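Please keep the model open beside you as you read.

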Amino acid sequence: MQVVETLSSKKIVILGTGGTIAGQSALRDDNINYLAAQVDISTLTASVQGLAAHVAGFDLVTEQVAQVDSKDMDEKVWCRLAQRTANALAQPDVHAVVITHGTDTIEETAFFLQSVLPANKPVVLTCAMRPSTALNPDGPQNLRDALSVAMDPHAEGVVVVCAGLVHTAQHVQKIHPYRLDAFSSGDAGPVGSVENARVRWTVLPLPCTPPAWQASGLSVDQPWPQVEIVLNHAGATGAVVQALMHAGVQGLVVAGTGNGTLSQPLTRALQLAMASGVQVLRSTRCAFGQVMAESDALIPVAQGLSPVKARVALQLSLLGLAAAKASNPKN
Ligand code: SIN
């Protein structure tokens, strides 16, 4: 852990988890062939010019929680990250937490953290599309912007900052594999922007969702329920559902076509899965909008959540059911 001291009693904790923001490439002009998660968080923070002046009035405390390419993010790292974040937020002298993360699954981590953390202080996730060694890396600017948001008096709850925009955990989605501005909040739009270190909010107060689960109730060693995502597409047969049932899946999220529609064979396979106790949630593979439940819907709808976030919600709900059963075995 490293502390950048600025004669202040207020702290911002920066937790590093890896990603392209901490990536390194052999060639400075190569933004594709690089290794993510190489540079430790204290080196990364120290490399941002003028950061101590930018956060005048706050001490920065860095901590490496993980060092992963976020395509490999998993529930163990999530538990550790939630616990380290909750621990920091509980300290009276900590004003906010900033988390550096890969872009590929930042939306799932943000949604997970929002589901388990109190919304009373800002938790700002940030990332980069270019490795730290690039000719013109975007990580330093994104980290500065994330700190601007973390210091802003209106910030609260979990948000994602990238390319000068502030997105809520609920709506943020990666929509481009290469552009610096790789994120969208769909129909909802971003809640603010960061312009030359000043935050301009377009939505206030920020919509904060009360946590459905407590970070303190999560254990790194606890096995999480297996929840997989299946897709409806032309010619979808339902064979994937049968294979997943054989594999012992406990929950399924189905990314339907359009308004969450499913082929007849896939519907039948999912109904059989539900009848044998597998919990199923229906979302849409459309990038924008949300499924509007039909009055005779047989498969419950994931309330406005994308398939990857619905998966997290279903995992947490199954964990909650398991915890309730364990505390009252008569259930
Ligand atoms: C990752 O998600 O860790 C790699 C890709 C990125 O951060 O852009």
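By class, the largest pocket is lined by ten nonpolar, twelve polar and five charged residues. In this count Ala, Val, Leu, Ile, Met, Phe, Trp, Tyr, Cys and Pro are nonpolar, Asp, Glu, Lys and Arg are charged, and the others, Gly among them, are polar. A word on the source: this is a predicted model, in which local features need pLDDT of at least 70 and side-chain atom pairs count only at pLDDT 80 or more, while totals for chains, interfaces and linings use all residues. Residues are numbered from 1 along each chain as its sequence is written, and side-chain values use heavy atoms, with hydrogens and water left out.

**The largest pocket**

The largest pocket holds about 500 Å³ of space. Among its 27 lining residues, Gln173, Ala287, Gly289, Leu305 and Ser306 are the closest to its centre. Helix H4 (106-116), strand E14 (279-284) and helix H8 (307-327) each bring at least two residues to the lining, and H8 gives the most, with three residues. Helices (H or I, at least four residues) and strands (E, at least two) are DSSP runs, numbered from the N terminus.

A pocket is an open set of points on a 1 Å grid over the protein atoms alone, with protein on both sides within 12 Å along at least five of seven lines; a cavity is a set where a 1.4 Å probe fits but cannot get out, and lining residues have an atom within 4 Å of a point. Points are joined across faces, edges and corners, and a volume is the space filled by probe spheres set on them.

**The cavities**

How many cavities of 30 Å³ or more does the structure hold? There are two. Of the 14 residues that line the largest cavity, Gln114, Gly157, Val158, Pro207 and Cys208 lie nearest its centre. Strand E6 (residues 157-162) supplies the largest share of this lining, three residues. Sorted by class, the lining has nine nonpolar, four polar and one charged residues.

The second largest cavity has a volume of about 30 Å³. Its lining includes Gly16, Thr17, Gly18, Val39, Asp40 and Thr100. Strand E2 (10-18), helix H1 (41-46) and strand E3 (58-68) each supply at least two of the lining residues, with the largest share, three residues, coming from E2. Here the classes are five nonpolar, six polar and one charged.

**Around the ligand**

The table lists polar contacts, which are pairs of N or O atoms within 3.5 Å.

| Side chain | Distance to a ligand oxygen atom |
|---|---|
| Thr20 | 2.9 Å |
| Asp69 | 3.3 Å |
| Ser70 | 2.6 Å |

**The cysteines**

A disulfide is a covalent bond between the sulfur atoms of two cysteines. How many does a search of the whole structure find? The search finds zero disulfides (cysteine sulfur pairs within 2.5 Å). Cys127 is in no disulfide, and its nearest cysteine sulfur, that of Cys162, is 3.8 Å away. Likewise, Cys162 is in no disulfide, with the sulfur of Cys127 the nearest at 3.8 Å.

Are these two residues buried or exposed? Cys127 is buried, at a relative accessible area of 0%, and Cys162 counts as buried at 1%. Buried means under 20% relative accessible area, exposed over 50% and partly exposed in between, with a 1.4 Å probe and protein chains only.

Definitions and conventions
A polar contact is a pair of N or O atoms within 3.5 Å; within protein, one must be able to donate a hydrogen and the other to accept it, and residues adjacent in sequence count only if both atoms are side-chain atoms.
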